Amino acid sequence: MLSELNHMAMAVGDLTACKGLYGGALGLVEVHQTADTAWFQVGPTLVELRQEAGAGAGTAGEARPAINHFALHVDAIDAAYAALQHAGVSLLGPPQATSVGHRNMQRSLLAFEDPNRFHIQVSETIDPRPHLEGRKRAKQAMASAGDGGRFGGIDHIAMYCTDYAATRAFWVDGLGLDEFFHSATREAGTEVAPGFEQGAFAVGGKDIEMATDETWTAVAPGLVRQLGFSTDDVDAAYQGALASGLEVEGPPVDWQPVPSILHRAFGLRDPDGTRIQISRPA
């Protein structure tokens, strides 16, 4: 039903500083701006930064933020490391390879924080296992369809939930994503909290990584206010969401995120309240 992540909206406390990172040091292409928003393109995804007084790490209150971090896709982590160092990005260390079994696939990662103290990674997939070839090809296709910039798109989004079964039903049964990974354990030798579950859902070149345990008793959207996904048939997606018992905000309507783009879209929320938008170019 869904084909790609086309939009991600984030609240930021200092729009000028964030523009300096996203459009300056990271080199993302700014496609539109207003007095209180800035829109950047990375692969097939528009990243919208919304100025919001007081926005910063921890603004979810007592609840933990549902979206912990996202990662930018690269095909050569060492080259990205050198380029980001040259651009003056305050990286949290050199590239680190995860273990096989860490989340859904093995990666080499860089990490840094934006001016909002939101955690961002840079990711190269290095997993050698044959069953992940399809996911690796999807990421390569995403990157090759982009503008040839430093990043090929958003590689993955890490989310947390309070009820894995309900969240899985939302993404798989309601929205038709493929759950290509599920486990109640981590990599060998890593202890997990009671009630731990993790999984990953495929949408285009993106992995929606999901995890929970008994300590995640309250989850709120946090700084990422909305995830928007593309579909080939927004009316069929709307009817499918209704048939699956999902609570939608209303039928598809026109949505124009920037002057050059017009979509038809409808909105709904996942079981923990993160707003999801589904759209098709009008």
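**Group meeting: a walk through the predicted model**

Okay, let's start at a turn: in the hairpin of S12 and S13, there are 2 residues between the strands, and Gly-204 takes a positive phi near 60°. Strands here are DSSP runs of E, at least two residues, and helices are runs of H or I, at least four residues, both numbered from the N terminus. Two strands count as paired if DSSP finds at least two bridges between them.

Quick housekeeping. This is a predicted model, where local features need pLDDT of at least 70 and side-chain atom pairs count only at pLDDT 80 or more, while totals for chains, interfaces and linings use all residues. Residues are numbered from 1 along each chain as its sequence is written, and side-chain values use heavy atoms, with hydrogens and water left out.

S12 and S13 (residues 206-212) run antiparallel, paired over 7 bridges, and Gln-198 sits opposite Ala-211 in S13. S12 also has S11 (residues 178-183) as an antiparallel partner, over 5 bridges, with His-182 standing opposite Gly-199 in S12. So how enclosed is S12? Of its 7 residues (197-203), 6 are buried, so the strand is largely enclosed by the rest of the structure. Buried means under 20% relative accessible area, with a 1.4 Å probe and protein chains only.

Asp-163 caps the N-terminal end, with a side-chain oxygen 3.1 Å from the backbone nitrogen of Ala-165. After the helix comes Gly-176, with a positive phi near 80°.

Now the open sheet. It has 8 strands in the order S2-S3-S4-S1-S15-S18-S17-S16, with mixed pairing. S2 (29-33) and S16 (253-255) stand at the edges with a single partner strand each, so one side of each has no neighbour in the sheet. From one strand to the next, the twist averages 30°, using axes fitted to C-alpha atoms and angles from 0 to 180 degrees between N-to-C directions. Within that sheet, S17 (residues 263-269) and S18 (residues 275-281) pair antiparallel over 7 bridges, and His-263 has Pro-281 in S18 as its bridge partner.

Last stop, the inside. What lines the largest cavity? That would be Tyr-22, Leu-26, Leu-28, Val-42, Val-47, Phe-70, Leu-72, Ile-120 and Ile-154. That lining is 9 nonpolar, no polar and no charged. A cavity is a set of points on a 1 Å grid over the protein atoms alone where a 1.4 Å probe fits but cannot get out, and lining residues have an atom within 4 Å of a point.

Methods
A polar contact is a pair of N or O atoms within 3.5 Å; within protein, one must be able to donate a hydrogen and the other to accept it, and residues adjacent in sequence count only if both atoms are side-chain atoms. On a 1 Å grid over the protein atoms alone, a cavity is a set of points where a 1.4 Å probe fits but cannot get out, and a pocket is an open set with protein on both sides within 12 Å along at least five of seven lines; lining residues have an atom within 4 Å of a point. Ala, Val, Leu, Ile, Met, Phe, Trp, Tyr, Cys and Pro count as nonpolar, Asp, Glu, Lys and Arg as charged, and the others, Gly among them, as polar. Buried means under 20% relative accessible area, exposed over 50%, partly exposed in between (1.4 Å probe, protein chains only).
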